[in-house]
Amino acid sequence: MVVVQTLWHEIISFLGISQIIEVCKTGDYRVLLTFNGILSLISPLIPLLLLIEIGRAIFYKKFKIEDYKMPFFIFVANRFISRFLSIAAVAFCIGLLEKYALIPTTMTWYWFIYGYVIWEFSHFIYHYFGHKIRLFWCLHSTHHAPESMNLSVTYAHFFLEAPYADVIRTSICILMGVNPPMLFLIMFIDGTWGSFIHVGENLIKDGRLGFLNKIILTPSHHRVHHAKNPLYMDTNFCNLLNVWDKVFGTFQNEKRDMNIEYGISREINPNNFWDVYFGELYYLWKDIVKAPGIKNKLLYIIMPPGWSHTGDHKTAKIVKKAFLEQEKAQPVPMTNVSAL
Ligand SMILES: [Zn+2]
Ligand SMILES: [Zn+2]
């Protein structure tokens, strides 16, 4: 009985409908017009879209259990520890740094815009280093392991990634004066949009979303981010406002004549939980052990993935440069280009 009850609570919590059930029980529907009420109506949107996406895939006989199995296992594995650590990390950073805030902000629309731009900057920093520092890539690569795109990918993260991301993002935002209530509101919007941009082609074929593609970061941009095609590697680090990708030169539009290949560039068994979850840490450890001298060992930890002490680097930057040079020398159709 306890098992059934726990499972029921888990399902309710995953669907984000606990507050709505509470409102139905009390019959006080005016609560839905309050700010918290509106948030409680938005929370179930992503799980609902995920169910629609799966339903459509089953209906059109395109459903493949492998596309959803691994993100589901990872979600279950992360369920408690990651969330707990993340909340603790956010609370710790706020408590530690709030008194050093550079500018005091209030809950007004213009400070909200300021807060959002700062948040995107902090997200860019965390995400950029998640790709460019090998140790942080070990935390982030689990999210890039799936070889197809659908809403379940939003749940595929290594359990230590959220605390790492939240320490960086919260610290920058609090130091730049974004006040905690505004930070939580931005985190909520960012979390909802950040999940939605993983929507699969089964549900929304063209992820550009019309004119929105020119103004904000769309599912199309994030599909590019998850691609291992050389041209697409290490691009589109932002989440909703892609202003910082444009500032730092990492912005990349989806090309209509290029098939996206999802996943990471090393050989991986995407259906093996251990490979998806710990594979990058295992290979980092192997490289550290075989590297000569303490300096090389440390460099493996902090240099970008693909860096080698032998000088035979296979970083995203080098792979992309080689691809562009080859393309310039003899333009080839860009379909089915494979990485590394
Ligand atoms: Zn990434
Ligand atoms: Zn993603």
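## The span 109–129 and other annotated regions

Residues 109–129 are 100% helix and 0% strand, and their end C-alpha atoms lie 30 Å apart in this predicted model. Helices and strands are DSSP runs (H or I, at least four residues, for helices; E, at least two, for strands), numbered from the N terminus. An unreviewed UniProt entry lists this span as "transmembrane region", together with residues 38–59 and 80–97. Residues 38–59 are 91% helix and 0% strand, with end C-alpha atoms 32 Å apart.

Under "domain: Fatty acid hydroxylase", the unreviewed UniProt entry lists residues 113–250. The end C-alpha atoms of that span are 22 Å apart, and its content is 58% helix and 0% strand.

## Packing of α7 with α9

Helix α7 (residues 109–132) packs against helix α9 (residues 161–175) at an angle of about 145°, the axes being 9 Å apart. Axes are lines fitted to C-alpha atoms, for helices over the stretch in contact, and angles between N-to-C directions run from 0 to 180 degrees.

Residues of α7 that meet α9 include Trp119, Phe121 and Tyr126, and their partners in α9 include Ile168, Arg169 and Cys173. Contact requires C-beta atoms, placed from the backbone, to lie within 7 Å.

## Packing of α7 with α8

Helix α8 (residues 134–144) and α7 pack at an angle of about 105°, with axes 6 Å apart. The two helices are therefore roughly perpendicular to each other, a class that covers 65 to 115 degrees. Phe129, Gly130 and His131 in α7 meet Phe136, Trp137, Leu139 and His140 in α8.

## Confidence and conventions

The protein chain has a mean pLDDT of 88, and 95% of its residues reach 70 or more; pLDDT is the predictor's confidence in each residue, from 0 to 100. Over residues 335–340 pLDDT stays under 50, and the model has 16 contacts beyond four places in sequence for them.

Residues are numbered from 1 along each chain as its sequence is written, while chains are lettered from A and ligands numbered from 1 in the order in which they are written. In this predicted model, local features need pLDDT of at least 70 and side-chain atom pairs count only at pLDDT 80 or more, whereas totals for chains, interfaces and linings use all residues.

Conventions: Contact = placed C-beta atoms within 7 Å. Parallel < 35°, antiparallel > 145°, perpendicular 65-115°, else oblique. UniProt positions renumbered as here; feature names shortened; annotations may be inferred.
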